[in-house]
Each structure stands twice: as structure tokens, then as C-alpha cells.
Amino acid sequence: MDSSQLLGITTFILLAASVLYIGLFIFRAHALGVTATALTFIALLTDTAGIIMRWVESYRMGIGHAPLSNMYESLIFFAWSIIVLYLFIEFRFKNRLIGAFVIPFAFLGMAYGSYATEFSREITPLIPALQSNWLIAHVVACFIGYAAFAVACGLGIMYLLKARSQEKGGNRTSGGLLDSLPDLRQIDDLTHKTILFGFLWLSAGIITGAIWANSAWGTYWSWDPKETWSIITWFIYGATLHARFTKGWGGKRIAWLAIVGLLSVIFTYYGVNFLLSGLHSYGGGK
Amino acid sequence: MKQKENPIITFFASVSLALFVLFILAITSIIGTVIPQNETPDKYLQYYGEKWSTVFHALNITDMYHSWWFLSLLTLLSVNLIVCTLKRLPHVWQTVMQDNLKTTAERLHKMSPSRVFVFNGPAAEAAAAARVLLSRTSTRIKEKSTATATMLFIQKGAWTRFGVYAVHASILLIFIGAIIGTLYGFKAFVMLPAGSTTSHVYEMGSNRLIPLGFDLRCDQFTLTLYDTGAPKEFRSELTVLNDKSELLKKSIVVNDPLSFQGLTFYQSSYEAKQGQLFAQIKNTKTGAATGLPVKPRTEVSWPDAGVRFGVINFEETKNGAASGYRFKIWFTDGTGTPSEFWMDFGATAKIERPATTYDFTLTQHYATGLQVAKDPGVWWVYVGCGLMLAGIMVAFFLSHRRIWILVTAEGDRTEVLVCGGANKNKLGFENQFNALLARFANHAQFTPQG
């Protein structure tokens with residue numbers, strides 16, 4: 001077995017776990033929940049093993065480097081970070097229903113990484129600019145941050161769904177699909193904490209990137225689109241935190257900001273690479 | 001109590017302004033990621049047409065991150081940070097330093113969360129029991145007694161209230177570093193052929209000539225490729241000289257630059273000199289070495305060593321699928337008869353001469369592209385970055401928690417008020433507070449009220 005098979009299997013396990021978590025949310029069958037958690041845990045193991053194997057394989061090819069050097073590898077680590085964060089939240093808060101809103105992000109990350117045609121999945125040697133000790137620190141910090149923001153977005157969606165059903169259903173005491181979700185105050189608090197966690201790592205990611213750029217080119221900040229979008233994302237979450245700390249924003253507003261924030265993250269990550277690059281090449285057909 | 005405030009200060013200190021500036025910065029920053037920056041006027045004309053390129057130039061959108069309006073936004077953010085910090089810091093200082101035992105029973109009763117217990121026994125005994133229960137949360141108990149009441153107080157992390165101001169200060173430090181870098185630093189470039197020495201570099205953008213104050217020589221540039229053809233390494237052997245005496249030698253690659261006297265030289269690009277070879281010669285006896293560009297059929301000399309040589313002929317070689325070149329060399333060091341021999345491209349030949357032996361290597365002649373930076377502000381930026389991360393951790397994950405216990409006696413009745421608060425992570429504080437309440441409730445002599 002090689003790493004790509006193992007990572008392919010991880011994708012399917014995450015699909016199954018996503019289906020089960022959503023099933024648990026809809027049908028509230030306890031057995032589904034236990035299986036979903038077990039599958040998520042297995043996905044964590046196979047994903048970890050896949051990452052380690054890919055690392056070993058790169059050394060066998062004579063071009064050894066940490067598997068954090070391209071779009072595919074970063075997506076694998078992104079999914080890995082989401083799984084770890086989610087499992088921590090599940091064990092800490094003893095609530096599996098959150099999984100229905102979070103694990104699908106890990107699955108989508110893996111599925112996109114495995115089936116997209118925009119980039120290669122091969123292990124390629126590092127070009128000179130990437131040969132730096134900052135590579136691991138920078139990529140790890142960024143993707144832990146991105147994973148936290150994905151979890152926060154899932155929690156935001158959950159908050160909005162529950163808030164809407166409460167507004168509609170009034171004071172109904174039982175029977176609602178969303179009643180078994182954690183109460184709104186708890187979801188709100190968790191969303192906020194996850195954003196704090198993500199903001200710390202995003203800051204660390206931007207800073208390590210700046211230090212790296214300075215050691216490679218002598219410029220820690222050059223306003224290239226990737227840098228600029230990362231700072232836009234930082235501004236959005238920074239504003240969100242100020243609104244909460246000093247203006248007492250909470251509830252739906254923070255939930256929406258968690259969703260908007262993730263859109264900015266996705267643009268920083270995906271949009272800059274695949275949408276903006278076209279605009280930056282003048283010649284040719286465009 | 002309420003002081004009348006200067007409306008201008010209130011405006012510049014407001015969080016609403018901070019939110020507004022962050023929002024506008026986020027929105028406007030998008031423009032420069034969609035419209036390419038710092039291109040020539042022709043490109044904008046060609047790509048966007050006359051009308052739009054005029055608009056772009058008028059609004060400095062072609063270099064928006066250095067435009068007057070974008071820098072004004074950053075200045076506004078800085079002013080906001082400074083005024084907000086100066087306005088709030090005295091209050092925070094007071095909160096951190098204040099004597100928390102100087103509060104009143106009235107204020108404590110208004111706190112949330114709070115709980116009142118009735119104690120079955122005298123007040124002195126109640127205070128002692130409360131002290132024991134409280135010491136399991138913290139042993140650093142402060143205490144004050146009057147004739148009718150005893151107040152106990154514990155707190156944790158008062159200093160963490162400064163965390164957010166450390167983050168604000170860190171942003172200002174980064175800005176200061178960036179300003180110092182702009183005022184007293186520069187970015188420059190030089191294309192330095194192997195074997196050549198330069199005493200100056202060219203400023204980016206303006207192409208202004210900047211003297212180095214010393215000489216920099218490129219002894220050799222090597223390009224290494226992976227089997228796939230992708231570049232593996234760009235390496236320049238650099239020597240810093242002062243009046244021909246070598247001060248520093250370093251082999252630089254991307255991500256590992258050479259620093260000397262506040263200037264840093266980064267491996268940036270390279271250029272292969274068409275039709276030119278590069279000879280590296282080393283006298284194995286004396287250790288003297290040099291590198292010299294060679295054009296076929298042109299005599300080259302190394303005057304210091306009295307060496308003259310040249311490539312007098314070359315031919316294509318075919319070895320199966322691989323093809324290359326080999327060269328015929330003519331070489332003399334002024335002793336005996338000149339040597340003549342054939343050697344392969346990239347190989348090292350040993351040339352036996354009457355007095356010594358030379359190592360002679362023939363490769364492609366390259367020029368190395370060096371990015372040169374002087375940035376005395378970079379350490380301000382790094383200190384700012386470190387302070388930012390430390391400040392964020394303190395501001396986000398540590399809180400200031402306070403708990404008071406007030407024991408009062410009215411006739412035979414002894415009442416114990418437990419109350420407290422945290423400036424952040426209120427849920428976490430409530431858990432800790434509820435654990436304390438549970439210890440009181442489990443105590444035989446305390447009975448919860450209400």
C-alpha cells in the first residue's frame with residue numbers, strides 16, 4: 001500500500017463519517033453517533049499514516065521533504081487539522097451533533113485534493129525558494145488557522161439554523177430537529193473561542209511567512225496578492241474580535257462573520273492561486 | 001463623576017473607528033490584488049483602455065499600497081491605536097494596581113455571579129471556614145476586617161489586562177520598523193558575472209547607482225538541476241574585498257544570504273552568458289586560485305600568476321544519446337613549453353608544469369542576479385511580530401479573575417456572600433466559581449439562600 005491509496009481511503013472514511021454524523025443529526029440514533037466517532041478516529045489514523053508514508057516515500061525518491069509543499073499536501077494537512085480540532089471539541093463538549101457541521105469540511109478538503117484537475121498530486125522535488133526551515137512552520141501555522149476557521153464556520157451555520165428554528169418554533173419543548181444541539185449560548189461561545197484560536201495561528205502563519213520572505217528575498221512584505229489576501233482575512237477576523245470584545249457582538253452577527261471569514265480564507269487559499277493568477281498574466285488570449 | 005470628554009479624542013479613541021478602518025482597509029486592499037501593480041503605463045492602456053487607465057493613474061491604483069490614500073488609512077489606524085491606548089491605559093493601570101479590598105458591600109451584592117450562604121455559628125468561625133474553602137482556589141488570600149465584617153479576596157492574572165495593549169503596541173512597532181526601512185534602507189539589484197567584481201549596486205525602480213563601500217566578487221555560480229529538469233540549487237560563491245584583501249567569503253543559495261555591514265545579498269536569479277566559458281584555475285602548490293571568463297580562440301591571462309591560456313579548438317562529442325562538447329586547451333605559466341590537451345566540458349584537468357600542477361575546470365559562464373537589501377527597520381518588525389504573538393496569547397487565553405467573600409454578622413445571624421467576576425472567558429470562570437460554591441454547599445455549616 002502507498003500513501004495515495006491510504007489517503008484515498010481516508011477520503012472515503014470521511015465521507016462515511018460525514019453521512020453518519022448528518023444521519024445522527026436527522027434521525028438521532030445513538031448507534032450512528034458511536035460509529036461516526038469511531039470512523040472519524042480511524043480517518044485520523046489513516047490520514048496521519050498517509051502523511052508519514054508520503055514523507056518516507058519522498059526520502060526514498062531521494063528528494064526528501066515534509067509533505068507540506070503543494071496544494072494537494074496542504075489540503076491533506078488541512079483535513080488532518082480539522083479532524084484533530086473536531087475530535088477535541090467532541091470529547092470536550094460531549095456532543096456529536098457538531099460533527100454534522102464540521103466533518104463535511106474535512107471530507108470536502110480531501111475530496112477536492114484527491115479529484116481536482118487543477119494541480120498535480122505527485123511528490124515533486126522542492127524548488128530552491130521552498131528549501132527553507134520556515135516551510136514547515138509557515139504551512140503548519142497557516143493550515144491550523146484555516147482549519148479552525150472552517151470549524152468556526154460550521155459552528156456559525158449550526159448557530160444560524162438553531163436560532164432560526166427557535167424563532168419559528170417559538171417555545172416548543174420537544175420534537176424539533178435542532179433541540180438536541182448545544183444551546184445557543186454554548187455554540188456562540190465555542191464559535192468565538194475557535195475564531196480566537198484560528199486568529200492566533202493565522203497571525204503566526206503570516207509572521208512566519210514574512211520572516212521567510214525576508215530570508216529569501218530581503219523583503220518581509222511586498223503586497224503580492226497572497227500576502228494581501230492573508231491580511232484581508234486578518235482584518236476581517238480582527239474586526240470580528242473587536243466587535244465582540246468591545247461592542248458585545250454575539251449570536252447571529254458573529255455566526256455570519258464566521259461564514260464571511262471562511263470565504264475570505266478560501267479566497268486567500270484557492271482564489272489567489274487559481275482565479276487571480278490569470279489576471280496577472282497580461283499576454284496570451286486574455 | 002462623569003468627565004466631559006473632548007469629542008475629537010472620543011472619535012479617535014473609538015472602537016467604531018477601528019472597525020470602520022479595518023473594514024475599509026480590507027475592502028480597498030482587494031483592488032490591488034485584482035489590478036496588477038507597478039506595471040508600465042502601456043500595459044494598463046493595452047489591458048484596460050484609455051478611460052480606465054486614466055482613472056487608475058489619477059487614484060494611484062497602479063501602486064495603491066504606497067498611494068497617499070492607502071497610507072492615510074494606515075496612519076488613521078495608527079492614530080486610532082495610539083489615542084485608544086493612551087485613553088484606556090490609565091484606567092487599566094488603576095484596575096490592575098487597585099486595592100480590591102476597598103470595595104463596598106453594596107457593590108459586591110450587585111455582582112454576578114454571586115451567592116449568599118447563612119453560616120450556622122459565629123462570624124469569626126465563618127471567616128476561618130471560608131478561608132479554608134477559598135484556599136483551594138488560591139492560597140494568596142487578601143483580607144480586611146472591620147467590627148462587623150470580614151472581606152476575603154483572591155485574584156489571578158490582573159496583568160493579563162495589558163495583553164491587548166501589547167498587541168496594539170506590536171502593530172505600531174511593525175509600522176515604525178517599516179518606516180525606518182523606507183527612510184534609511186533600500187532595495188537594489190546587481191547582475192554580477194562570475195569572475196567579476198562590483199563596488200556598487202542599482203536601486204530597484206529608480207536604477208540609481210548605490211556605492212557599497214566595499215567590493216563584492218562572484219567567484220563562481222553553479223546551477224544544479226533535478227533529473228526532471230526543475231532547478232535544484234542556485235549557488236554563488238561570493239567574496240567581500242577591501243582593496244584586494246579578502247574580508248569575507250560565503251557561498252550563498254536561495255534562503256541563505258550573505259550579510260556584511262548592514263547589507264544583505266540574496267540569490268535571486270542568474271543569466272547564462274551565451275558562447276562564453278568560465279575557467280577556474282588553481283595552483284595546487286601555492287593554493288592561489290582564480291576564475292576567468294573565456295571566449296574560444298581568444299587568449300586569456302592571469303597576470304598575478306603569469307599564466308596565459310586559451311581555448312584553441314572545440315568539437316561536439318556523442319556518447320550514445322548524450323551529446324556535449326570537448327575543448328582543446330593551450331596553457332602556459334611562463335616555464336617550459338606550453339601544454340596542449342583536450343578536455344570535456346564541466347571536467348577538471350590536471351596540468352603538470354615544471355614547477356607545479358594546476359587544477360583547471362571549464363564550465364558555462366554565468367552571471368548571478370543578486371538582490372541587495374539594507375533594512376535597519378527589520379528588527380523593529382521582528383520584535384513587533386514576537387510581541388504580537390505573545391500579546392495575542394495573553395489577550396485571548398488568559399483572563400483576570402477575581403473572587404470576593406464577605407462575612408457579615410447581624411445579631412445571631414452570620415451571612416456569607418461569595419461573588420466574583422472575570423473580564424474574559426466568563427463560562428470558564430463560572431465553572432471555577434461554581435466549584436467553589438459547591439464546596440460551600442457541601443460544608444455542614446453553610447446553607448445556601450435563595
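This is a predicted model: local features need pLDDT of at least 70, side-chain atom pairs count only at pLDDT 80 or more; totals for chains, interfaces and linings use all residues.
View 1. H6(A) passes H8(B) in a left-handed crossing. On the side of H6(A), the residues that make the contact include Leu196(A), Phe199(A), Ser203(A), Ile207(A) and Asn214(A), while those of H8(B) include Tyr382(B), Cys385(B), Leu389(B), Ile392(B) and Phe396(B). Of the residues in this contact between H6(A) and H8(B), 16 are nonpolar and 2 are polar, with no charged residue among them.

**View 2. The interface between chain A and chain B.** Chain A brings 48 residues to the contact and chain B brings 52 residues. The size of an interface is often given as the accessible area lost when the parts come together. Between chain B and chain A the buried area is about 4500 Å², and carbon and sulfur atoms give 70% of that area.

**View 3. The salt bridge between Arg185(A) and Glu430(B).** The count of salt bridges between chain B and chain A is 1. The side chains of Arg185(A) and Glu430(B) meet in a salt bridge, with a distance of 3.6 Å from N to O.

**View 4. Leu39(A) in helix H2 of chain A.** Leu39(A) has its place in H2, which covers residues 30-60 of chain A. Leaving aside neighbours within four places in sequence, Leu39(A) is in contact with Ile13(A), Ala16(A), Ala17(A) and Leu20(A). Leu15(A) and Leu39(A) are 24 residues apart in sequence, and their C-alpha atoms are 9.6 Å apart in space.

Notes
Residues are numbered from 1 along each chain as its sequence is written. Chains are lettered from A and ligands numbered from 1 in the order in which they are written. Side-chain values use heavy atoms; hydrogens and water are left out. A crossing is left-handed if the near helix is turned anticlockwise from the far one by less than a right angle, and right-handed if clockwise. Helices (H or I, at least four residues) and strands (E, at least two) are DSSP runs, numbered from the N terminus. Contact means heavy atoms within 4.5 Å. Ala, Val, Leu, Ile, Met, Phe, Trp, Tyr, Cys and Pro count as nonpolar, Asp, Glu, Lys and Arg as charged, and the others, Gly among them, as polar. Buried area is the accessible area (1.4 Å probe) that two parts lose on being put together, summed over both. A salt bridge is a side-chain nitrogen of Lys or Arg within 4 Å of a carboxyl oxygen of Asp or Glu.
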